[in-house]
Amino acid sequence: MTYQEIYRQAYRILNHTTPLEVDCGQLCGARCCQSEGEEESGMYLFPGEEVMFRGAGDWVRIEDSDFVSGRKSVPILFCRQPCPRELRPLACRIFPFIPYFKNGTLEIIKDPRARGMCPLFWAEEEQFSAQFRKKTEYMCRFLLRFPVFRQYFADLTEILDSCVL
């Protein structure tokens, strides 16, 4: 399976699913898409996901990050607002959740890096769309079939473990 095929399937799994029944960006002014002061904020791309943004236009910029997984620098995507919602990368589609993969066990947790920016970080579990949680977990389990994603999720978990919880 090519990366394009993998991502088409992953995007399809999450199709039209968001953490809430409404566009949560409307509640907070899309804080997760805002840059803070002089520093731009971006989202790590999952392995090979940059293929989905070739020729995407000037709304997107991709650079290498300091995060290394499988001995390769993980690309980070920066976007200029407004981005085409249907073209968002996986990290944006599942935010403020993130896969946490430790000792062969997958959990979908709230991303501790969202603590200061996303009001949903503080929301109770029952406020989230149950369908969103199920589809996010299903999509991550689909990706875990491929070794490169197991490595990426494990490396990402190390970053999450280093965050102050």
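Reply: The buried residues of H4 pack against H1, H3, E4, E5 and H5. The model is a predicted one, and every value below is computed from it. H4 itself has 14 residues. From first C-alpha to last, H4 reaches 20 Å, close to the 20 Å expected at 1.5 Å a residue.

Which residues of H4 are buried? They are Phe132, Thr136, Met139, Cys140, Phe142 and Leu143. Seen down the axis of H4, these buried residues fall within an arc of 155 degrees, so they line one face of the helix. An α-helix has 3.6 residues a turn, so residues three or four places apart point the same way.

Now take one of those partners, H1. Helix H1 covers residues 3–14, twelve residues in all. It reaches 17 Å from its first C-alpha to its last, close to the 16 Å expected at 1.5 Å a residue. In H1 the buried residues are Ile6, Tyr7, Ala10, Tyr11, Ile13 and Leu14. They lie on the same side of H1, because they cover an arc of only 155 degrees around the axis. Helices H3 (90–94), H4 (130–143) and H5 (147–162) are what this buried set packs against. Just after H1 comes His16, with a positive phi of about 60 degrees.

How do H1 and H4 meet? Their axes come within 9 Å and cross at roughly 165 degrees. An angle over 145 degrees counts as roughly antiparallel, so H1 is roughly antiparallel to H4. The crossing is right-handed. On the H1 side, the contact is made by Ile6, Gln9, Ala10, Ile13 and Leu14. On the H4 side, it is made by Lys135, Thr136, Tyr138, Met139, Phe142 and Leu143. Compare these names with the buried sets. Ile6, Ala10, Ile13 and Leu14 are buried in H1, and Thr136, Met139, Phe142 and Leu143 are buried in H4.

Gly48 sits in the loop between strand E1 (43–44) and E2. Its relative accessibility is 13%, so Gly48 counts as buried. Leaving out residues up to four places away in sequence, Gly48 touches Tyr3 and Tyr7. Gly48 and Tyr3 are 45 residues apart in sequence, yet their C-alpha atoms are 5.8 Å apart in space. Tyr7 is one of the buried residues of H1.

The next topic is Arg88. Arg88 is in the loop between strand E3 (72–79) and H3. At 15% relative accessibility, under the 20% cut-off, Arg88 counts as buried. Its contacts, setting aside neighbours within four places in sequence, are Tyr11, Phe53, Cys83 and Arg93.

Pro96 is in the loop between H3 and strand E4 (97–102). The peptide bond joining Phe95 and Pro96 is cis, with omega about 15 degrees.

Past E4 comes Asn103. It is found in the loop between E4 and strand E5 (105–110). Asn103 is not a glycine, although its phi is positive, about 55 degrees. Its relative accessible area is 77%, so Asn103 is exposed.

At 82% relative accessibility, Arg71 counts as exposed.

Last, step back to the whole chain. The protein has five helices and five strands. Along the sequence the pattern runs α-α-β-β-β-α-β-β-α-α. Of its 165 residues, 44% count as buried. Among contacts between residues at least 6 apart in sequence, 67% join residues at least 24 apart.

Conventions
Residues numbered from 1 in each chain as written. Predicted model: local features only at pLDDT ≥ 70, side-chain atom pairs only at ≥ 80, totals over all residues. Heavy atoms only, no water. Helix = DSSP H or I, 4+ residues; strand = E, 2+ residues; numbered from the N terminus. Expected span 1.5 Å × (residues − 1). Buried < 20%, exposed > 50% of the residue type's maximum accessible area, 1.4 Å probe, protein only. Arc of directions from axis to C-beta. Contact = heavy atoms within 4.5 Å. Axes fitted to C-alpha atoms, helices over the stretch in contact; angles between N-to-C directions. Parallel < 35°, antiparallel > 145°, perpendicular 65-115°, else oblique. Left-handed = near helix turned anticlockwise from the far one by under 90°.
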